[in-house]
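Morning, everyone. Please have the sequence and the structure open while I talk. I'll go through the interfaces, then a single residue.

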Number of protein chains: 6
Amino acid sequence: MSTALERGREVAQQLNPNLEEVLNDRYGEILPEFAESLMEWAYGRHYARPGLDLKTRQLCTIAALTVLGGQTGPQLKINIEHTLAAGASRAEVVEAIWQMAVYGGLPAAINGLNAAMDVFAAEDQVR
Amino acid sequence: MSTALERGREVAQQLNPNLEEVLNDRYGEILPEFAESLMEWAYGRHYARPGLDLKTRQLCTIAALTVLGGQTGPQLKINIEHTLAAGASRAEVVEAIWQMAVYGGLPAAINGLNAAMDVFAAEDQVR
Amino acid sequence: MSTALERGREVAQQLNPNLEEVLNDRYGEILPEFAESLMEWAYGRHYARPGLDLKTRQLCTIAALTVLGGQTGPQLKINIEHTLAAGASRAEVVEAIWQMAVYGGLPAAINGLNAAMDVFAAEDQVR
Amino acid sequence: MSTALERGREVAQQLNPNLEEVLNDRYGEILPEFAESLMEWAYGRHYARPGLDLKTRQLCTIAALTVLGGQTGPQLKINIEHTLAAGASRAEVVEAIWQMAVYGGLPAAINGLNAAMDVFAAEDQVR
Amino acid sequence: MSTALERGREVAQQLNPNLEEVLNDRYGEILPEFAESLMEWAYGRHYARPGLDLKTRQLCTIAALTVLGGQTGPQLKINIEHTLAAGASRAEVVEAIWQMAVYGGLPAAINGLNAAMDVFAAEDQVR
Amino acid sequence: MSTALERGREVAQQLNPNLEEVLNDRYGEILPEFAESLMEWAYGRHYARPGLDLKTRQLCTIAALTVLGGQTGPQLKINIEHTLAAGASRAEVVEAIWQMAVYGGLPAAINGLNAAMDVFAAEDQVR
């Protein structure tokens with residue numbers, strides 16, 4: 001097992017303990033290597049790196065997924081959950097999204113706010 | 001003068017004291033309102049807001065401009081300068097860019113790294 | 001109150017008299033400044049400007065939202081309504097969308113046509 | 001009738017015999033020229049060209065629609081069907097999509113895999 | 001010769017009399033059909049259509065190329081020339097570009113303004 | 001050393017024997033892990049996979065980089081070289097690019113053709 005894969009699994013554990021299992025259940029049949037590759041690349045080769053704390057990394061991800069917009073709606077919601085799990089407040093999430101109106105345009109920011117409101121509402125229902 | 005404009009000028013002052021003047025010199029002839037609008041909108045309505053510190057805001061901007069890639073090269077370089085001015089280290093800038101390989105693809109991240117290397121080299125020459 | 005905000009509210013009034021209120025109802029809780037910022041920036045700093053008539057401005061917006069595609073579906077529909085309110089015919093809206101096949105590709109144009117058909121059908125039902 | 005249009009109709013016939021009729025039924029009212037233009041341009045001026053076999057052309061389309069992501073979801077599904085009709089296996093479709101994680105980022109690839117899974121499931125239900 | 005091709009050549013003549021020849025000189029060796037296809041598709045199947053005047057069509061194109069940004073810089077410049085040839089003023093071109101800050105973000109609008117300034121400066125030198 | 005890294009180095013060897021070294025020389029100082037990560041992820045986790053031949057994989061990459069356009073210009077050129085190294089003809093490269101006019105719009109395809117012409121001209125000079 002590669003060191004990157006090990007490190008990735010460790011950091012993903014903090015954000016979303018079932019992530020690899022959930023991905024395997026969904027994508028394992030058409031792409032058995034998928035969940036492991038994602039752990040190694042996204043979490044092992046990026047999030048697990050020193051030099052930037054996990055909360056700031058997650059806020060950067062929120063910003064990026066907001067400006068990418070259309071194609072990343074579902075991933076934005078999952079990462080808003082991860083960002084809250086990394087210790088960010090709802091207000092910080094909203095700020096990171098709203099600032100993106102400057103760079104990705106108002107529609108991207110508005111769609112990002114909609115995603116955040118959906119995540120917050122789902123959380124409130126669980127409580 | 002709007003409150004948003006005033007707040008925007010104050011925060012821009014910390015990142016780049018000549019920004020409004022530079023923008024006015026360049027774009028004032030074809031669009032006299034341009035520099036003022038940018039101060040009001042980008043800095044007054046976003047960066048000046050409470051809820052997220054300036055350094056984290058700038059790192060989010062780096063992330064967004066990296067994934068937007070092609071159309072934001074010049075703006076990425078200016079914002080790397082602003083991010084360093086907001087107290088981020090070079091390593092933090094590099095981390096925010098490199099993480100974007102996960103979301104915007106490797107080409108976007110590589111072009112972001114190239115932009116950072118150009119900014120760092122220009123800074124080193126000035127010193 | 002800023003002049004840009006006043007001018008923005010005036011022009012939005014012509015296109016969609018309840019816009020600021022609707023936006024406030026939806027986004028006011030997580031971002032109290034949102035509706036006001038949008039009025040000031042989008043309508044005050046852009047649509048309210050002299051130099052291009054409102055109908056042509058709206059057709060330009062239709063074109064842009066069509067090529068941006070995925071992330072601007074909901075905004076495209078709202079702006080098709082605004083474009084009709086600014087005096088454009090349905091045929092003009094369809095032409096502005098279809099031409100975008102050249103610049104944003106066929107999928108973007110097709111999705112734009114779908115949005116237009118939805119707006120036209122909703123309007124026909126109301127009548 | 002233009003030669004490009006004739007050639008386009010011939011190649012579309014192999015991939016999806018009812019395509020022009022389906023497009024005409026849906027878009028003919030707002031844009032009578034639409035289906036014919038698409039046949040001429042997409043199939044006549046591109047797919048019908050010599051120099052690259054139809055199956056490879058379709059796999060290239062899968063790759064492009066995957067990285068374009070958000071705005072091309074419905075078109076990606078239709079083209080996965082066309083790609084299977086052109087002789088590609090499901091595994092080849094999955095490979096072309098998954099490779100795009102490198103260039104368009106993980107969210108684009110994941111959304112592409114979701115589209116493929118939907119198409120495969122729909123096919124399995126028909127059988 | 002297709003009707004669409006004939007109509008396309010006619011409308012392109014008004015905007016840029018040498019366009020097909022210039023395109024043929026540049027791309028004819030690797031893609032002999034290129035210039036003719038572009039005339040047929042872009043000008044014959046879109047610009048030549050009734051329902052929207054040529055100047056408004058060109059302003060829509062300016063808007064779209066501005067928000068698409070990075071990948072369309074050279075095409076934006078050519079289309080600014082065509083838009084002026086279709087009867088738009090420089091101010092109208094600037095307005096169409098600047099409005100795009102709302103939809104495509106500030107970087108896209110700034111790069112669009114830079115393109116316009118280059119075209120205007122080149123024109124002024126010729127005079 | 002991870003199996004994915006080993007497999008990646010093997011396949012990269014066929015396309016561009018100096019790739020890892022070149023990347024290390026350029027990016028090793030600001031990001032020591034960069035070249036290794038790219039070998040592991042792009043080549044080990046994607047290109048090295050069975051199920052699609054290397055030439056078709058490269059043509060899919062050409063298609064994707066063409067539609068992504070602006071932000072991937074330098075990567076498109078390198079991948080055109082890799083695609084020729086994987087056994088594709090110049091005509092096949094041109095076809096994969098030109099077809100993208102349908103999906104990514106004409107500007108993206110034209111910029112892709114320009115990249116191909118640059119690569120072909122550079123190769124012809126070396127000979």
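**Interfaces in a predicted model**

Chain A and chain B bury about 2700 Å² between them, and 66% of that area is on carbon and sulfur atoms. Keep in mind that this is a predicted model. In contact terms, 31 residues of chain A meet 31 residues of chain B.

Now the polar side of that interface. There are 4 salt bridges between chain A and chain B. A:Glu95 forms a salt bridge with B:Arg49, with the closest N and O atoms 2.7 Å apart. The count of residue pairs in polar contact between chain A and chain B is 15, both partners at pLDDT 80 or more.

Where on chain A does this side come from? H3, helix H4 (54-68), helix H6 (90-99) and helix H7 (101-104) of chain A each give at least two residues to the side that touches chain B. H4(A) gives the most, with 10 residues. By class, that side of chain A has 19 nonpolar, 7 polar and 5 charged residues.

Next, chain B against chain C. Those two chains bury about 1200 Å² between them, 39% of it on carbon and sulfur atoms. B:Glu33, B:Trp41 and B:Arg45 supply 52% of the area that chain B buries here, more than any other three residues. The contact involves 11 residues of chain B and 11 residues of chain C.

How many salt bridges are there between chain B and chain C? The count is 8. In a salt bridge between B:Glu33 and C:Arg45, the side chains meet at 2.9 Å, N to O. There are also 10 residue pairs in polar contact between chain B and chain C, both at pLDDT 80 or more. Helix H1 (3-15) and helix H3 (34-47) of chain B are the elements giving two or more residues to the side that touches chain C. H3(B) gives the most, 5 residues. The residues on that side of chain B split into 3 nonpolar, 2 polar and 6 charged.

Now inside chain A. The contact takes 10 residues from domain 1 of chain A and 8 residues from domain 2 of chain A. Together the two domains of chain A bury about 730 Å², 52% of it on carbon and sulfur atoms. Salt bridges between domain 1 and domain 2 of chain A: the count is 0. Polar contacts across that interface: 5 residue pairs, both at pLDDT 80 or more. On domain 1 of chain A, helix H1 (3-15) and helix H3 (34-47) each supply at least two residues of the side that touches domain 2. That side has 6 nonpolar, 3 polar and 1 charged residues.

You'll find D:Thr61 in helix H4 (residues 54-68) of chain D. Is D:Thr61 buried or exposed? D:Thr61 counts as buried because its relative accessibility is 0%. The D:Thr61 side chain has a polar contact of 2.6 Å with the side chain of D:Tyr47. Another polar contact, at 2.7 Å, joins the side chains of D:Thr61 and F:Gln99. Leaving aside neighbours within four places in sequence, D:Thr61 is in contact with D:Tyr47, D:Asn79, F:Gln99, F:Met100 and F:Tyr103.

Key:
Residues numbered from 1 in each chain as written. Chains lettered and ligands numbered in written order. Predicted model: local features only at pLDDT ≥ 70, side-chain atom pairs only at ≥ 80, totals over all residues. Heavy atoms only, no water. Contact = heavy atoms within 4.5 Å. Buried area = accessible area lost by both parts, 1.4 Å probe. Polar contact = N/O pair within 3.5 Å; in protein donor to acceptor, adjacent residues only side chain to side chain. Helix = DSSP H or I, 4+ residues; strand = E, 2+ residues; numbered from the N terminus. Nonpolar A, V, L, I, M, F, W, Y, C, P; charged D, E, K, R; others polar. Buried < 20%, exposed > 50% of the residue type's maximum accessible area, 1.4 Å probe, protein only.
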